[in-house]
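Thanks for coming. Please take a look at the sequence and the model.

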Amino acid sequence: MLVWERPEPPNRPVPAPLSRERIVRAAIRLADADGLDAVSLRKVATALDVRPMRLYGYIAGKEELLDLMVDAAYAEIRPVGNGWREVLRSLAEATRHAAHEHEWLADLLGGRPQLGPHALASGEAVVSALGDVDVDAVMPVVAAVNAYVIGAVRREIAERRAERATGMDEKRWQASLGPYLERTFATGRLPALATVVRDAAHLDADQTFRAGLDFLLDGIEARISGARAAEGPDRP
């Protein structure tokens, strides 16, 4: 039986009462402070002032704990809007915001679908907004947006971590590499790249994320519109 369906042990009078919610909250606090490496059943038990074995009455092991943590983060991802485009944009923005609030989430997104109650509620909101889209296109559309968001937030989080590790923010990093790039571009071997680096607008992280999302949503809209046009005016 999955953790989502398995009942918790009955409450009993003890000095330190437990619940899955308390365990997950403690694990998230540890991960928010020091990353996923700081999360273990022993450390969570210490934070809750209980013996590690008590946790096994509520979760089977660390993998279940991570699943519960991800689903708790999905409680913050509530896509809203009028129409599929607004809802997909809301999904992308909310997922990105949650990953910025909980950097460890970027390491756990992707892979097999999340099936916890909060994740399923988020998925229901998105799929409902795609009700007018051909049923065979729904999951590829959602998967495309999720893939874009996961890739973007992982890059952003990696940049954050690199900045903390090196003490160099983006401007300082660019300044340190500027002379090298100028020497390389001066050779004339990379004219297209040199033009983009020198002349294109330099967007910040928010602008870059939203521009890329617009490109993706524009492509989805064109594909959906093309499919509807091909079906002709008698489409039900």
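Is R164 buried or exposed? Keep in mind that this is a predicted model. R164 has a relative accessibility of 53%, so it counts as exposed, given that the cut-off for that class is over 50%.

R164 also has a charged partner. It forms a salt bridge with E103, and the closest N and O atoms are 2.8 Å apart. R164 sits in helix α8, while E103 sits in the loop between α5 and α6, so this pair ties together parts that are 61 residues apart in sequence.

E103 has another salt bridge, to R160, with an N to O distance of 3.1 Å. That pair also links distant parts of the chain: E103 is in the loop between α5 and α6 (105-108), R160 is in helix α8, residues 135-166, and they are 57 residues apart.

How accessible are E103 and R160? E103 is at 16% relative accessibility, so it counts as buried; the limit there is under 20%. R160, at 31%, counts as partly exposed.

Next, another salt bridge. The side chains of R85 and D214 meet at 3.8 Å, N to O. R85 belongs to helix α5, residues 84-101, and D214 to helix α11, residues 205-231, so the pair ties together parts 129 residues apart in sequence. R85 has a relative accessible area of 22% and is partly exposed. D214 is at 28% and is partly exposed as well.

R85 and D214 also belong to a network: salt bridges that share partners join them with R89, D218 and E221. Over the whole structure, the search finds 15 salt bridges.

Last, a helix pair. How do α4 and α7 cross? Helix α4 covers residues 62-74 and helix α7 residues 117-129; their axes come within 7 Å and cross at roughly 40°. The crossing is left-handed.

Which residues make the contact? From α4 they are D71, A72 and Y74, and from α7 they are P117, H118, A119 and S122. By type, the residues of this contact divide into four nonpolar, two polar and one charged.

That is the end of my part. I am happy to go back to any of these sites on the screen.

Methods: Residues numbered from 1 in each chain as written. Predicted model: local features only at pLDDT ≥ 70, side-chain atom pairs only at ≥ 80, totals over all residues. Heavy atoms only, no water. Axes fitted to C-alpha atoms, helices over the stretch in contact; angles between N-to-C directions. Helix = DSSP H or I, 4+ residues; strand = E, 2+ residues; numbered from the N terminus. Left-handed = near helix turned anticlockwise from the far one by under 90°. Contact = heavy atoms within 4.5 Å. Nonpolar A, V, L, I, M, F, W, Y, C, P; charged D, E, K, R; others polar. Salt bridge = Lys/Arg side-chain N within 4 Å of Asp/Glu carboxyl O. Buried < 20%, exposed > 50% of the residue type's maximum accessible area, 1.4 Å probe, protein only.
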